[in-house]
Amino acid sequence: MRPQQSCSGAHGPRMILSRSNVVHYLLDQGLLSYGTVVNDDLTVADSTRRNRNFKVLRGAEQGFFIKQIQTFDPPTVATLAAEAGCYQLAREVPELSALAAIVPRDLLYDRQRHILVTGLLPSAESLMEHHRRLNAFPVDVARLFGGQLGRLHRESLPPLEGRPEASLFHRQPPWALSSHQLGTFGALNGASSKLLQILQDYPDFQRTLDEMRGDWRCERLVHGDLKWENCVVYPCRSNDGKLDGRIVDWELADIGDPAWDVGGMLQAYICFWILTMQFHADVPLTTVEQSAPHPIAGMQPSIRAFWAAYVAELRLESAAADTMLMRSVKYGAARMIQTAYEAMQYSAQISPSALALLQVSLNILKEPKRAATQLLGL
């Protein structure tokens, strides 16, 4: 990662990135030259969501992904610092070669303006975009990410004492494991208030979430927010039709429990199945799922490929694999609560699809073994 440039003039510490000035920022930082701007076919796309995000495309050349936080409060500043810290560890610590193999190329971390610049691969798309474009769930892609995640979780943590990155990882369970407690959601809108009420109305939610929070293990560097949107596929350099993959957006990275990452990928299949259903008033989930555009059974070969590749990389014996699977399935169900919240956090009312996510989450938490075999096909 290049050192941060001095902050002065029009592009000083309080500079707010926009589509109109992001190229000028890259020029100021020396990441682009004026000759490149003139000769390259540059396209700037605004993909702002929770952060200000911009993609600078350069045809067949590597482009740039630029991220700047929108709220400059300490927790948000800390998440961007954690992501930048992961990239620095990947670059500087040889023992983290598996991490280095899956993170994007880091180019600049501007601490004063809270801006992170990474490489943008040509023809890259998220796993969500990939599945939607193909209207299919390729087994080879699932196997790819299962292997990558297994190699990441196989790496023992190197000593971090004395490194500045050590302070970035707080070794805390994810908030979803405390989601049944009042105050977890901050200011409650109508939908999140209803979600909290549902969690508090069902003792099985409270009991299992408390148990999983108590069983949380700080064992490995984990991504913390693994889902299809944060997995990127792109053509291999060999140009033989094969795909390679990267995992992006490491803002919630921590020293934590590998089962949370695995659960995040498992629940992504279940959530896609549910969120693409068409719900109607007073029609039960068991009826709606019969006409689901993406039946979960059609995803099970990919789910099995992901899990088999993960287990193979970790070299888990049968008993250890079974234990890991049950923990991952349960953590995936807890992650579904977070997905439900994310799906309707700006809504006045909780949606039928969010209610379905909570219903399936509760079913999984009550019978994880049955969910692993009948729902996930494992």
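Helices α12 and α14 are roughly perpendicular to each other in this predicted model, since their axes cross at roughly 90° and angles from 65 to 115 degrees fall in that class. The two axes come within 9 Å, with α12 covering residues 318–344 and α14 covering residues 368–375. On the α12 side the contact is made by Leu-325, Met-326, Val-329 and Lys-330, and on the α14 side by Pro-368, Lys-369, Ala-371 and Ala-372. Sorted by class, this contact of α12 with α14 has six nonpolar residues, two charged ones and no polar ones.

Is Arg-335 buried or exposed? Arg-335 has a relative accessible area of 1%, so it counts as buried, the cut-off being under 20%. Leaving aside residues up to four places away in sequence, Arg-335 touches Asp-225, Lys-227, Trp-260, Gly-264, Gln-267 and Glu-342.

Helices α7 (190–201) and α8 (residues 203–214) pack at an angle of about 85°, with their axes 4 Å apart. That angle makes α7 roughly perpendicular to α8. Here α7 contributes Ile-198, Leu-199, Gln-200 and Asp-201 to the contact, while α8 contributes Pro-203, Phe-205 and Gln-206. The residues of the contact of α7 with α8 divide into four nonpolar, two polar and one charged.

| α12 and α14 | within 9 Å | roughly 90° | six nonpolar, no polar, two charged |

Now to the sheets. An open sheet of five strands has the order β1-β2-β3-β5-β4, and its pairing is antiparallel. Which strands stand at the edges? They are β1 (43–46) and β4 (106–110), each with a single partner strand, so one side of each is left without a neighbour in the sheet. From one strand to the next, the twist averages 15°.

The loop between β4 and β5 holds His-114. Phi of His-114 is near 60°, a positive value in a residue other than glycine. Most residues other than glycine have a negative phi. With a relative accessible area of 15%, His-114 is buried.

Arg-171 also has a positive phi, of about 55°, although it is not a glycine. Arg-171 lies in the loop between α6 (139–154) and α7 (190–201). How does Arg-171 count in terms of relative accessibility? At 43%, Arg-171 is classed as partly exposed.

There is also an open sheet of three strands, with the order β6-β8-β9 and antiparallel pairing. In this sheet β6 (125–126) and β9 (243–247) stand at the edges, each with a single partner strand, so one side of each has no neighbour in the sheet. Two bridges join β6 to β8 (residues 231–235), and these strands run antiparallel. In this pair, Glu-125 stands opposite Val-233 in β8. Helix α6 packs on the sheet, touching β8 and β9, and its direction makes about 45° with that of β9.

Finally, a word on confidence. The mean pLDDT of the protein is 89, and 93% of its residues reach 70 or more. Where does pLDDT stay under 50? That stretch is residues 3–10, for which the model has 15 contacts beyond four places in sequence.

How values were computed: Residues are numbered from 1 along each chain as its sequence is written. This is a predicted model: local features need pLDDT of at least 70, side-chain atom pairs count only at pLDDT 80 or more; totals for chains, interfaces and linings use all residues. Side-chain values use heavy atoms; hydrogens and water are left out. Axes are lines fitted to C-alpha atoms, for helices over the stretch in contact, and angles run from 0 to 180 degrees between N-to-C directions. Angles under 35 degrees count as roughly parallel, over 145 as roughly antiparallel, 65 to 115 as roughly perpendicular and the rest as oblique. Contact means heavy atoms within 4.5 Å. Ala, Val, Leu, Ile, Met, Phe, Trp, Tyr, Cys and Pro count as nonpolar, Asp, Glu, Lys and Arg as charged, and the others, Gly among them, as polar. Two strands pair if DSSP finds at least two bridges between them. pLDDT is the predictor's confidence in each residue, from 0 to 100. Buried means under 20% relative accessible area, exposed over 50%, partly exposed in between (1.4 Å probe, protein chains only).
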